[in-house]
Structure formats: C-alpha cells, structure tokens
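Please look at the sequence and the three-dimensional model together, and keep both in view as you read.

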Amino acid sequence: NVRCSGMANEFKEIHIIGGGLAGSEAAWQAAEMGVPVILHEMRPVRKTDAHHTDGLAELVCSNSFRSDDAVNNAVGLLHEEMRQLGSIIMAAAEKHKVPAGSAL
C-alpha cells in the first residue's frame, strides 16, 4: 500500500508511465482500489506509425494476446490469472474475440 503519512484513509497518488495494455490495466486496477492515478501517455501529442487512434490500450497487432490455452501456455495462464483478478483488458478481449484457434 502506498499511503500518505499521517493520513489514515488516503492513498498517495501513483504515476503510471504508458497507456498501453499494461499501463491501462495497472491504472484501472489501482483506481478500483481507491488509489489516485496519474497516467502518462505520449499520444496524442506524439504519434507512432503503429497506432491508429489517440486512445488508450490500443491493440497494434492482431496477435497481441497470443494463445489463450491456460493449460499448455504461459501466456494463456497469465490470461486466466488476469481474469480471476477482474481484468478490464481481459473482459474487453472476451467481449470482442473472434474465432482464431487457441488465440484470443
């Protein structure tokens, strides 16, 4: 816990660098716990060739999530752990997945 000294019920703000998948998930999880978050993202001020929007958590590759096989693949196991922890990124991925073998 990151608490301000002398303030029993208030968290000190945290800074998260990057609004990609991991940064967006970290910011959301912290905010859900009541921790004030400042999310630093270079876009839309600075653009990249890979990105097409100025939004957060943009997938830049159709293979970004890779295998969803939690039994035989470490990435799939990570997906399952994220689901169990209430991941907003995994909820969005589930909602918008398309048939792709074992890929998400």
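A57 is found in the loop between β2 and α2, where helices (H or I, at least four residues) and strands (E, at least two) are DSSP runs numbered from the N terminus. This is a predicted model, in which local features need pLDDT of at least 70 and side-chain atom pairs count only at pLDDT 80 or more, while totals for chains, interfaces and linings use all residues. Residues are numbered from 1 along each chain as its sequence is written, and side-chain values use heavy atoms, with hydrogens and water left out. The phi angle of A57 is near 55°, a positive value in a residue other than glycine. Most residues other than glycine have a negative phi, and most peptide bonds are trans. A57 counts as partly exposed because its relative accessibility is 22%, given that buried means under 20% relative accessible area, exposed over 50%, and partly exposed in between (1.4 Å probe, protein chains only).

R66 is also found in the loop between β2 and α2, and its phi, again positive in a residue other than glycine, is near 55°. With a relative accessible area of 45%, R66 is partly exposed. The loop that runs between β2 (37-40) and α2 (74-84) holds P44 as well, and a cis peptide bond, with omega about 10°, joins R43 and P44.

Not counting residues up to four places away in sequence, H51 touches R43, E58 and V60. The side chain of H51 also makes a polar contact with the side chain of T48, at 2.4 Å; such a contact is a pair of N or O atoms within 3.5 Å, where within protein one must be able to donate a hydrogen and the other to accept it, and residues adjacent in sequence count only if both atoms are side-chain atoms. H51 lies in the loop between β2 and α2 and is partly exposed, at 25% relative accessibility.

A polar atom of the S67 side chain lies 3.1 Å from the backbone nitrogen of D69. When residues up to four places away in sequence are not counted, S67 touches N73, V75, G76, H79, S102 and A103. One of these, S102, belongs to the segment after α3 and is partly exposed, with a relative accessible area of 46%. The contacts of S102, with residues up to four places away in sequence again not counted, are R66, S67, D68 and D69.

Turn now to helix α1 (residues 21-32), in which S24 lies. S24 is buried, with a relative accessible area of 11%, and a polar atom of its side chain lies 3.0 Å from the backbone oxygen of G19. Leaving aside neighbours within four places in sequence, S24 is in contact with G18, G19, L56, A57 and I89.

F65 comes from the loop between β2 and α2 and counts as buried at 13% relative accessibility. F65 and A103 are 38 residues apart in sequence, and their C-alpha atoms are 7.0 Å apart in space. Leaving aside neighbours within four places in sequence, F65 is in contact with L21, L59, V75, H79, I89, M90, A93 and L104.

How much space lies in the largest pocket? It is about 290 Å³. Of the 15 residues that line this pocket, L59, F65, A93, H96 and L104 are the closest to its centre. Helix α3 (residues 88-96) gives the most to the lining, with four residues. On a 1 Å grid over the protein atoms alone, a pocket is an open set of points where a 1.4 Å probe fits, with protein on both sides within 12 Å along at least five of seven lines, and lining residues have an atom within 4 Å of a point.

Terms used. Points joined across faces, edges and corners; volume = space filled by probe spheres on them. Contact = heavy atoms within 4.5 Å.
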